[in-house]
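Me: I would like to learn how to read the features of a model one by one. Please give me the general idea each time, and then the case at hand.

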Amino acid sequence: MSYVEDPGPGRGAVPPRAAFTSDAPSLPLNGTWRFRLSPSLAAAPPDVADPEFDDAAWDELPVPSLWQLHGHGEPAYTNVHYPFPVDPPHVPSDNPTGDHRLRFDPPHAWPAGPALLRFDGIDSCGRIWLNGTELGVTKGSRLPSEFEVGPLLRPSGNVLVVRVHQWSAGSYLEDQDMWWLSGIFRAVTLLSRPPGGIGDFWVRADYDHTTGLGTVRVETATDVVLDIPALGVAGHPAAEPLELPVEPWSAESPRLYAGTLSTVAERVPVRIGFRTVSVEDGQLKVNGRRLLLRGVNRHEHDPRTGRVVSSETALADVLLMKRHNVNAVRTSHYPPDPAFLELCDEYGLWVIDECDLETHGFGPLGWDRNPGSEPMWADACLDRMRRTVERDKNRPSVILWSLGNESHTGDNLARMAEWVRHRDPTRPVHYEGDHECSYVDVHSRMYATPGEVDRIGRREDDNERRRDLPFLLCEYAHAMGNGPGGLLEYRELFEKYPNCQGGFVWEWIDHGIAVPGHFAYGGDFGELIHDGNFVIDGLLFPDRTPSPGLTEFAKVIEPVRISADPAGIRVANHYDFASTGHLDFTWLLEEEGTAVAQGVLAVPTVLSGQMTSVPLPSLPATSGESWLTVSATLASATTWAPAGHVVGWGQLPVSAAPARPAPPVRGPVFRTAGQLLLGAGEFDAVTGVLTALGGHSLHGPRLDVWRATTDNDRGSAPGPSEASQWLEAGLHRMQHRVIEVDADGDELVVRTRVAPPAQAFGLFADYTWTAFDGGLRLRVDVTPDGPVPATLPRLGLVMALPGTFGSAEWFGGGPGEAYPDSCQAVRIGRFSSSVDGLQTPYVFPQENGNRTAVRWAGFTAPDGTGLRVDGEREFGFTARRWTAAALEAARHTDELVSGSLVHLTLDVAQHGLGTAACGPGVLPRYRLEPRKTSFALTLRPVAGGVAN
Ligand code: GAL
């Protein structure tokens, strides 16, 4: 059998060992290589390994890279399905094969003797030669391989050749939900290995929270000396346990002690974090404390380079996570570039380090011949686990090992767990696919509903072993498109039940690929089978701009919660370890959204898990609607954010809006040719629709229930989605029948029935218009006529404004978008934005940009003329330069083209978002059921701005 289709783990590599750097010479071999892509192994040049082979006519390619992102072949996206026939371990004969060649000279002083050639990642299979001699074959794309090359190295003119195959038997083990991309995508390094040096080591650094003592002991094959200057440790024989008082490591206080391991031949800098992971009382603990994992699933993705992620990008991820209150990462679904884990150590993030294993595509085939249970894959499975653990064993941030993802269950998985437990008894084993929890140490689920989590929290499980384990959601709150909705309900459960220890939002970043004009997703590269935009499901947009979902998540999981309390202001500390000692508290009083006073709030230090109440500061009197915003900010800069960075905030109502007496009604309605005139308004005499106000031509408002469907509306579960029910009911194509236009006296009453074609149900919508000095008042009464067969996407009005009304200002919820089940991150204030700036550029266009809890909003032209809307109760609005129908039709952001109008929606209600793109839909309390509804608002033409 060809090495490509051999289900074994590859050949020729030295045993796996820890990732580290030392003072021994090393030579990065990244840079520009020669490259040639052949359509198959058979078509590839037979003699590339020959050092004399002439590659002058080949292309150049950067290493590391993924060749499909450099003009060779195309990316392809599938979630579950293999993009080739499931015929294990065989792969297509048309197997794109990329030959990579590099000529290199070690530096002059390069020592003779042993040397290793290290590959941190080759996707999916590489056969390697140095100076014409084969070193071996590597598989396990996201895992390192090292080959002994000392005797082969020449002082100059070395020729390194790597033949990479897009498909291999290993591809069956790498069916993660992501782009299929190929190449040498992580670093290549030549390492001198001095005789008497440190080949491998394991720093075991535990912390006993009952005594405050740390114990450090280093496992190595050679005699090594340990120095830790900050602890006064000098020349200590590293293998001998040393017990001493230390500050422990945690994600909140990632105390690392710089040290050195040395032999006469080599010095290795180490950073030691003391911490002990345990499962006790059915809880996952570190240093004796229960953790609450406020986590995200992180794939490695860059919109231009794919899974080639620079250290700057890895750092950007860590900083964004820390600044958004994220405290944990699951490295879905493979070990990340090792640099990322060092950053997790340094900045403080709890990590589930996941093995590079997923065989999801066997699921639709009934798991028949699944590699998790077939003997022929046993070695490969174990090899992957070993390489994961050995590489990352020195990382204090890693607190759980994960066997992989979505690979069903079987002996090979059980054996991986057994091996891990034997090799590293200090970290529990995670694997969601072991539903019975027979070989894992934590119970893990994905996308469980709040109801299911509640049952697990109540320990009502019949399976005794599972019932008594700590529980976490390795995936929840699918962040695809607009969402996730319903985060708050999960937080409440995690705080209610000690065994429900949080989870990891799916997922961190949209995997959009940058192409001219937009970000591409599945199907954009002509793939035969693909899963469309299911790869666009992150809290960050592909360019790492935080989406509203991340802002919402940051607020929901904030470690300090500030709320109203009978005694004034309540401050609750939700850190797992830290007190509030590192925080300052400030307050800001705003009246109608305008700052009136501010100050510092004296809050005594609150310990982890405790709360306190402090009296309100003395506040100046205000007459308009006023809110007190209290913020907890970093008192001094940390490694991840400047002083003043807000980690938590709360708003307390101080005074309500004064009742405003309704202005006297000014009638009557006048009739002219084809028109009705009422106050500043002009109406169409036949339809009763407002056509101008204060001289500005308008159209509407008319009743409207449609929104461009979100990914969550469209859902992915079997059975009709919310969106399909809406479409079947015809809510996207409602027609307006005018029943009566009654224009006698001071009121203009327009009675209509709004209903879709082919359906018997409808909604009566009565519009009652009156004029007052300066504007119009509109009351809308909506009454369902017959049973409406679905929820409503929204309930409100739509109207068209002149395109010049391009600036929005409002008093209400902001600054960002919000929906009923995703509105924790908005505060009440006064905000402004251009209409263009109100849009959230979801990679796959859909409903977005809704502002909620709005008291008034204005839309103005550059000359200050425009329209102001005041609600008699709070309303929501969107304003866009295209219609909801155009938004629904668009597939990429650049298909949204500004028209000549601004389309404004004014809503009394929206349906929630939910996370039905993968997981539970909208919870009952956030569903918009059709019912009799009345609301009223005023419309006023303005000149010189909206706020006067
Ligand atoms: C999970 C899977 C993830 C991802 C997610 C949906 O089942 O583990 O890799 O596919 O669903 O986006």
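Reply: Start with burial. A residue is buried under 20% relative accessible area, exposed over 50% and partly exposed in between, with a 1.4 Å probe and protein chains only. Buried residues make up 61% of the 948 residues in this chain. The model is predicted, so local features need pLDDT of at least 70, and side-chain atom pairs count only at pLDDT 80 or more, while totals for chains, interfaces and linings use all residues. Residues are numbered from 1 along each chain as its sequence is written, and side-chain values use heavy atoms, with hydrogens and water left out.

Me: What pLDDT does the chain average?

Reply: pLDDT is the predictor's confidence in each residue, from 0 to 100. The average here is 97, and 100% of the residues score at least 70. Confidence is lowest in strand β43 (residues 670-672), with a mean of 92, and highest in strand β28 (residues 350-354), at 99.

Me: How many helices and strands does the chain have?

Reply: Both are DSSP runs numbered from the N terminus: helices are H or I with at least four residues, strands E with at least two. The chain has 11 helices and 59 strands. Its radius of gyration is 31 Å, close to the 30 Å from the globule rule for 948 residues, so the chain is as compact as a globular protein of that length. That radius is taken over C-alpha atoms, and the rule is 2.2 Å times the number of residues to the power 0.38. Along the principal axes, the C-alpha trace spans about 100 × 65 × 60 Å.

Me: Which residues surround the ligand?

Reply: A residue is near a molecule if one of its heavy atoms lies within 4 Å of it. The ligand is surrounded by Asn 79, Asp 177, His 333, Asn 405, Glu 406, Met 446, Tyr 447, Glu 475, His 478, Trp 506, Phe 534 and Asp 537. This shell divides into four nonpolar, four polar and four charged residues. In that scheme Ala, Val, Leu, Ile, Met, Phe, Trp, Tyr, Cys and Pro are nonpolar, Asp, Glu, Lys and Arg are charged, and the others, Gly among them, are polar.

Me: How far from an oxygen atom of the ligand does a polar side-chain atom of Asp 177 lie?

Reply: The distance is 2.5 Å for Asp 177. For a polar side-chain atom of His 333 the distance to a ligand oxygen is 2.6 Å, and for one of Trp 506 it is 3.0 Å. Taken alone the ligand exposes 310 Å², and the protein buries 95% of that. Accessible areas come from the Shrake-Rupley method with a 1.4 Å probe; for residues, only the protein chains shown count as cover.

Me: Is Asp 356 buried or exposed?

Reply: Asp 356 counts as buried, at 0% relative accessibility. This residue sits in the loop between β28 and α3 (378-392). A polar contact of 2.8 Å joins its side chain to that of Gln 176. Such a contact is a pair of N or O atoms within 3.5 Å; within protein, one must be able to donate a hydrogen and the other to accept it, and residues adjacent in sequence count only if both atoms are side-chain atoms.

Me: What about the backbone?

Reply: Most residues other than glycine have a negative phi, and most peptide bonds are trans. Glu 406, not a glycine, has a positive phi of about 45°, and lies in the loop between β29 (398-402) and α4 (411-423). Ala 477 also has a positive phi, about 55°. A cis peptide bond with omega of about 0° joins Pro 88 and Pro 89, and another joins Gly 483 and Pro 484.
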